[in-house]
Amino acid sequence: SEKQTTRRPKGNIFGTAMHRVFELLIERCRVDSAMDESQKDRMIDICVRQAIKENMADIASQELALYEEYLVKMAQCFIQWANKTGMLKDAGEVYTELPFSFYDDTMEMKNGTEKVWMNGTADLVIQEQNRSYVVYDYKSDRDVYLTEEEFEISLKEKYSGQLYMYRQAVSRLFNIPKENVKLRIVSFMGDEDITLKCTEIP
């Protein structure tokens, strides 16, 4: 419907604010994992307001209320998912917004392989207890015209290359085989009712 296509914010600034909310949430959850529901709601409110404040100059005044509404919804989904999976509770090390840079000498070019400078930032990297690592990449993409399955396929097609670069970066940073690095895309379906989708990239 028209309501579906226009209500939820989109674009780079909304994506930046969403990333910042999740970064702040993880930092606070790692410090205090025993919060009750009212404390969690308060934490979400603080993190959302902080993220909006940091990006205020780029957010149109008429969109502020929508930003706050949807960032709160996404943050609630994120916390519920993190608690349900135990991803933070059972983690070894946790890295948010982890920067990396390296030369990749395996790039296939016309005249053979070539050294290419690669750099970026991984949204969330978690060390599991078995010494494997999981890279989570947050996406604010939305497409109300796609089914859940079609949306998942589109995310894989669009972002697999980016995630493979993250796998190589984490493998180098922590000196582990690439086979020990799992890749997952965290995205959100819906408009009024938001649901979190975690898509594994092989």
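**Aromatic rings**

I began with the rings and found that pairs among them link Phe 22, Phe 78, Trp 81, Tyr 136, Tyr 138 and Phe 188 into a cluster. The model I am reading is a predicted one, in which local features need pLDDT of at least 70 and side-chain atom pairs count only at pLDDT 80 or more, while totals for chains, interfaces and linings use all residues. Residues are numbered from 1 along each chain as its sequence is written, and side-chain values use heavy atoms, with hydrogens and water left out.

For pairing I took rings of Phe, Tyr and Trp (the six-membered ring of Trp) with centres within 6.5 Å, calling planes under 30 degrees apart stacked, over 60 edge-to-face and the rest tilted. The search of the whole structure returned 12 aromatic pairs. One of them joins Phe 22 and Tyr 138, whose ring centres are 5.0 Å apart and whose planes stand at 85 degrees, so I noted the pair as edge-to-face. This pair links distant parts of the chain, with Phe 22 in helix H2 (residues 12-31) and Tyr 138 in strand E3, 116 residues apart; helices (H or I, at least four residues) and strands (E, at least two) are DSSP runs numbered from the N terminus.

I then looked up accessibility, where buried means under 20% relative accessible area, exposed over 50%, and partly exposed in between (1.4 Å probe, protein chains only). Phe 22 is buried at a relative accessible area of 0%, and Tyr 138 is buried at 2%. Tyr 138 also pairs edge-to-face with Phe 78, at 5.7 Å centre to centre and 90 degrees between the planes. Phe 78 lies in helix H4 and Tyr 138 in strand E3, so this pair ties together parts that are 60 residues apart in sequence.

**Helix H4**

The 22 residues should span 32 Å, and the end C-alpha atoms are 31 Å apart, which agrees. The buried residues that I listed in H4 include Tyr 70, Leu 71, Lys 73, Phe 78 and Trp 81. Just after H4, I noted that Gly 86 takes a positive phi of about 70 degrees.

The charged end of Lys 73 sits over the ring of Tyr 70, 4.6 Å from the ring centre.

**Salt bridges**

I counted a salt bridge wherever a side-chain nitrogen of Lys or Arg comes within 4 Å of a carboxyl oxygen of Asp or Glu, and by this rule the count comes to 13.

Which residue forms a salt bridge with Arg 49? The partner is Asp 45, with the closest N and O atoms 3.2 Å apart. Both residues lie in helix H3 (residues 37-54), four residues apart, about one turn of the helix. Arg 49 counts as partly exposed at 48% relative accessibility, and Asp 45 is partly exposed at 21%.

Glu 128 and Lys 182 meet in a salt bridge of 2.9 Å, N to O. Here the partners come from distant parts of the chain, 54 residues apart, with Glu 128 in the loop between strand E2 (112-127) and strand E3 (133-138) and Lys 182 in strand E4 (residues 181-189). Glu 128 is partly exposed at 23%, and Lys 182 is partly exposed at 28%.

Asp 137 and Lys 139 form a salt bridge, also listed at 2.9 Å, N to O, and both of these residues are buried. I noted as well that salt bridges with shared partners join Arg 42, Asp 45, Arg 49 and Glu 68 into one network. Lys 139 has a further contact, lying over the face of Tyr 159 at 3.8 Å from the ring centre.

**Backbone**

Most residues other than glycine have a negative phi, and I therefore looked up the exceptions. Glu 97, in strand E1 (residues 94-109), has a positive phi of about 50 degrees, and is partly exposed at 24% relative accessibility. Arg 131, in the loop between E2 and E3, has a positive phi near 75 degrees, and is partly exposed at 41%.

Note on methods. The expected span of a helix is 1.5 Å times one less than its number of residues. A charge sits over a ring if NZ of Lys or CZ of Arg is within 6 Å of the ring centre and within 35 degrees of the ring normal.
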